[in-house]
Amino acid sequence: MALKIVKGSIDRMFDKNLQDLVRGIRNHKEDEAKYISTCIDEIKQELKQDNIAVKANAVCKLTYLQMLGYDVSWAAFNIVEVMSSSKFTYKRIGYLAASQCFHESTDVIMLTTNQIRKDLSSPNQYDTGVALTGLSCFVTPDLARDLANDIMTLMSHTKPYIRKKAVLIMYKVFLKYPESLRPAFPRLKEKLEDPDPGVQSAAVNVICELARRNPKNYLSLAPLFFKLMTSSTNNWVLIKIIKLFGALTPLEPRLGKKLIEPLTNLIHSTSAMSLLYECVNTVIAVLISLSSGMPNHSASIQLCVQKLRILIEDSDQNLKYLGLLAMSKILKTHPKSVQSHKDLILQCLDDKDESIRLRALDLLYGMVSKKNLMEIVKKLMLHVDKAEGTTYRDELLTKIIDICSQSNYQYITNFEWYISILVELTRLEGTRHGHLIASQMLDVAIRVKAIRVFAVAQMATLLDNAHLLTGSMQRNGICEVLYAAAWICGEFSEHLENPLQTLEAMLRPKVATLPGHIQAVYVQNAAKLFATVLKSQEGNTDSTTAQETSQLMIDRLPLFVQSANLEVQERASCILQLVKYIQKLQQKDVEVAEEVIALFAGELNPVAPKAQKKVPVPEGLDLDAWINEPPSESESEDEQPKAIFAKEEPKHSRPRHTEVDEKELARRREARKQEQANNPFYIKASPSSQKVYQDAPGVEHIPVVQIDLSVPLKVPGLPMSDQYVKLEEERRQKERAEKKKKEKKKRKEKRSGRGKKHDSGPESEEDITPAHMVDIVTEEMPENALPSDDDDKDPNDPHKALDIDLDKPLADSEKLPVRSHRAAEAPKSPAEDGDAESAATQEPKKKSGKEKREKKKDKDRDRKKSKEEKKKKKHKHEEKEEDLLGGQVEEPVVQSEETSEVAAPPTSTTAEVSDLDFWLSNAPVPSNTQEAATVAAAEAAPVPEAALGAAPDSEPDEPKDTEMEETKSSKHKKKKQKKEKEEKEKKKKKKKHHHHHHHSDGGGEESVQNGTVEEEEPLPPMSNYCLLAENSYIKMVYDIQGNLQDGSQVVVSVIFENKCDSFLKSMEFNVLDSLNSKLQRPEGSGPHDGLTVPFQLPPGVSNEARFVFTVQSIVMPQKLKGTLTFIVKNEDSSTHEKLDFKLHFTCTSYLITTPCYSDAFAKLLESGDLKGSSVRLEGVNMPFHHLLARICFHHHFSVVERIDSCASMYSRSIQGHHVCLLVKTSGQTVSIDAKCDEPTLLGNVLDEIKQTFSQC
Amino acid sequence: MIKAILIFNNHGKPRLSKFYEHYTEDTEQQIIRETFHLVSKRDENVCNFLEGGMLIGGSDYKLIYRHYATLYFVFCVDSSESELGILDLIQVFVETLDKCFENVCELDLIFHVDKVHNILAEMVMGGMVLETNMNEIITQVDAQNKMEKSEAGIAGAPARACISCKEHEPPGNAQKHQHW
């Protein structure tokens, strides 16, 4: 053995290491490729050896070669080998190599799952760290799913070094496995307040990254972030938070109001430019979100603009750049404040730095007005002439067009000027934006009717001088403008002064050198011109011109008939035959002009690019429904109740998703797509028409006779746009003079009430009238087009999947897969593994559900808002009174209100969070209280801020007089909110009708006196996890959940916590089955075999495993005896230990929280199938809502309706038994009347409820 | 998010490339070439931000770079990162390298690209900033190097001797003089 090692080392002496490789490459500059290929051969040899050191060395070299661009994926398996070395040195090399060259389609990745899991739970923190770092680079959906739970455990690791890495990598996990977001989120949130700044920073980082893509789901975190912002001193964290607020404010303007002051303070106080800049940015975002008319914010705008001006004037180019960048954001909403700095911005246009010039250009876009457009464009045209690099010049060109065409040509007063500008731009050499100019020409000519005469004349000149445009510039795409020119001349040929001349120009032989798609337009429009010529010659006794024109066509068209381009050829031969026929008729003196012109009759209207998409699906048309009954296989579908379809709102534009047969539909859709793809007659989604012609191949392939023109191009007869500037000036002066006269007259009459829209400078925009009345034809849209905003969303965006409502309580099915099930259980148990497996197929279903949920949420929010507005008015009067009544107790109320205000409807609450936390938690008890504390802290946090700092903007601050009635009513509203909260605390599935609230409102009145104080108390933290067994090594707590999908299964979640300083391994969980209840064991194992717990526990760590049990009868509680055996391993010894326990299956654990509507509930009671029973609890000393919450939480009930001190509750067993409760309280006595279709079950459940309350 | 971190010299030779998204080797090289092309033609006294890399990112992404002596450090980031913050981060990175290599120069990066990767891994993880405190980064890097040394132990002794004797010989045509 020793000999082998020595031999290995000696071998290594002759191997190249990384340094040798690098040196070798440097010494073989001439034949580098050859040298490297010999090196790769050596590496291949080295990888074949058994010695891991040699392999690691080889992999290390491969990593270097990968950087040089060599594909090393062939060594992927060797990389995995090195990764799994027990030595850190090699492991690190392996993981580095993997992170550099593994990706989703690397198939060996699936071999790494177990290795990575082992490394993650390694006692050596650097093994874990290296694994996390590596994983962050190559995590796949599978890895994410399999390892999510392990990583989540690491988020609570004792070492901050691991915690921060684990927190950070969760973002990648979320991206790859969106289902993990909700289960993991509570803990992530908790990490925002980690004692270690690094971990905190990582958590902020992750949440900011998530919130940036789907801000609305994170609004509820605003108070917490607010607290962090005011307390943190870490600039990195501050910058991230401030950026996050920038994304949140657009959704919640009230948040913005609150932010302005602390941000302004930061702006004044910070010395860090980066922080200052981000503050300014967010203040800008806030100002944008607030209505711009607010007078007290003009100071903030001024402050921002002023700070930005300082940045722009700074000699540091970086600051200058950023200043301009931020300025452009202000511009959108507060153009006036920016426009006053026009001098500065124009100055930046001359900067030597291209990035800065581009930014300045962006700003110009927003600074134009009717008044200064011509001036600014003139300046830009000068820059165009001067610009040397084509990229910058192209940028200028697009900017000029953008500036002019923005908001439907709003600022253009003189379209003749604009056409001239466009024509001038065609003279740019080497631009690749010919198509852009062309589309502008087309757009203007089509939509501005008044300009057609002028445009046609210009285009005719352009066609006449086409030789100047083509030639050497052929390749650069400027010839695209000829496409536009030809089309315009043809389409609007009636405006042409001399159509014959243009026709002649279009049929020149040189045209044949143009790209095919342009030739095609030439040919087609030549025909139009021909028709026009005939028309003009009609009635003319001398028919020679007409005949000559026909002859011209017949002479020239054959050139195009021979074209290699199919389109050109086809059109040309068609038209040629037509003309020949016409010629025949002409010779017979038949009048044909009418008929020929009829070929091209009819107005072409512009259609909006999104028009097609916006056509609504007619009512009653379900695009996904079968037209005929589908073949037999999908029987299940036929059973679906029709109600599902009927319920659907008829407005959906997209194909509707029916809840149930989604999977089936997806499959069918796939099949249909497949079919369509193979069907040549099916029109596939194609890019817009414009794209089609620019992408058309062939430009390069046409043989080109190059004409080099070094002389600057001046097209004779083309107007210079400059002269328009002068003309325009004169015209305006004249107009102004006239206006004055008119105004004098007007003053004598009445004032007209025309409001101003935009004004700039002394002369308001509206005063400038366009040179000629311009009718800008708007683009056509289909009738009753749907207004939708999500047009621009990219369906492939991975973040779309992360648009998940995080405030909703977690459902039972939403658990991170724990490896145990995979090994332990039969495939049919859906609550567990089945979930993960079917995740992919279920996803669309979830999504559609989510969409609905969100719609609902929005509605709720609106409702709430309006309510709050009302309340605010009343608020004014109430404050004093409340202070008297509530004292400090009142404060949390105000706060909780604020939180719920900020957080759209579902606020996460203490109980709920702690509940989530519990089943996720590894150290249940401490983490629960901690969580409760943090949440409480988070909620309380902004209070001092509201009281001290934000005096002007916190709403309820004005002095008020007291009025009894209003106090009362406002108090109700508060109560109502409280109740809403409460109900959520009870984990209720918040499908509550609003009138319930009103009910409870009405009744709540009497209980005000003693009710208020009571209800202020927050709910104590609750947990369903109870102790299973404990000794000095390990502690086990467990919770039992029913499985709705399978009436005979329950899932026992056990959290194992290592309490000692040793390593716990080889844990085996075994239970003595009873006749009624059995532990599900993997196939092939005997009925007495234990199940291996799929993880090991380092000291202080806890983890959760789940076990599936099958039960037959659920009406009776029962206990199962079991044993856990494990090995305690410390440095010098290892001992076998065991721990006995008793699993208590209560009847409660067979109940599943199921929401129930009050009407359904009433029907159920009326049906008479249920048998009653009742129980009386004495000496219950707790508020009613606590009582309800406890029943809900511990016994899986949901509140159906609550009126005063009386509530009806509902739950369902896994085998479908209905359990209904009517809970009444008076004093310390609580009476529960219950009904259930299974009396034994009911009796036991009631006993258990009694038990619960006797304990407290 | 950081999409890529590139280090190359004045001639465009890559010294380190770290992509936080997968590209094929060819695309990676193309990106490096393109980035070098964009960055190298800029004057010294212009701003350190650059838009319009065609291959990487898109409109949301920016190149933020610094030029030290013979090397360019380029970070490709999206709009969630603070521009000035990243500039600071590059500075931290370089200072950390300087501490770890004791007066770092291009040769250190050429011969020890694996170490540079390890240092970077303590700063940026999966495209997100992990740590900005230089002392913390150095502590972690040192601790790991120590572990590596202790692991080498007896079995590694001959190999180490071999490596160390290799390192004593003057490194080829290289000169270690360009300090920054």
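Colleague: How do helix 9 of chain A and helix 10 of chain A run relative to each other?
Modeller: Helices (H or I, at least four residues) and strands (E, at least two) are DSSP runs numbered from the N terminus, and axes are lines fitted to C-alpha atoms, for helices over the stretch in contact, with angles from 0 to 180 degrees between N-to-C directions. Helix 9 (residues 141-154) and helix 10 (residues 160-176) of chain A pack at about 150°, their axes 9 Å apart. Angles under 35 degrees count as roughly parallel, over 145 as roughly antiparallel, 65 to 115 as roughly perpendicular and the rest as oblique. Helix 9 and helix 10 of chain A are therefore roughly antiparallel.

Colleague: What pLDDT do side-chain atom pairs need in order to count?
Modeller: Residues are numbered from 1 along each chain as its sequence is written, while chains are lettered from A and ligands numbered from 1 in the order written. Side-chain values use heavy atoms, without hydrogens and water, and the model is predicted: totals for chains, interfaces and linings use all residues, local features need pLDDT of at least 70, and side-chain atom pairs count only at pLDDT 80 or more.

Colleague: How many nonpolar residues has the contact of helix 9 of chain A with helix 10 of chain A?
Modeller: Contact means heavy atoms within 4.5 Å. Residues including A:Ala148 and A:Ile151 in helix 9 of chain A meet residues including A:Ala166 and A:Ile169 in helix 10 of chain A. Ala, Val, Leu, Ile, Met, Phe, Trp, Tyr, Cys and Pro count as nonpolar, Asp, Glu, Lys and Arg as charged, and the others, Gly among them, as polar. The contact of helix 9 with helix 10 of chain A has two charged residues, no polar ones, and a nonpolar count of 10.

Colleague: Is helix 2 of chain A oblique or parallel to helix 4 of chain A?
Modeller: Helix 2 (residues 18-27) and helix 4 (residues 52-67) of chain A pack at about 40°, with axes 9 Å apart. That angle makes helix 2 of chain A, relative to helix 4 of chain A, oblique.

Colleague: What area do chain A and chain B bury between them?
Modeller: 70 residues of chain A are in contact with 69 of chain B. Buried area is the accessible area (1.4 Å probe) that two parts lose on being put together, summed over both. With 54% of it on carbon and sulfur atoms, chain A and chain B bury about 6,300 Å².

Colleague: Which residue of chain A forms a salt bridge with B:Lys13?
Modeller: A salt bridge is a side-chain nitrogen of Lys or Arg within 4 Å of a carboxyl oxygen of Asp or Glu. The count between chain A and chain B is nine. At 3.9 Å between the closest N and O atoms, the partner of B:Lys13 is A:Glu32.
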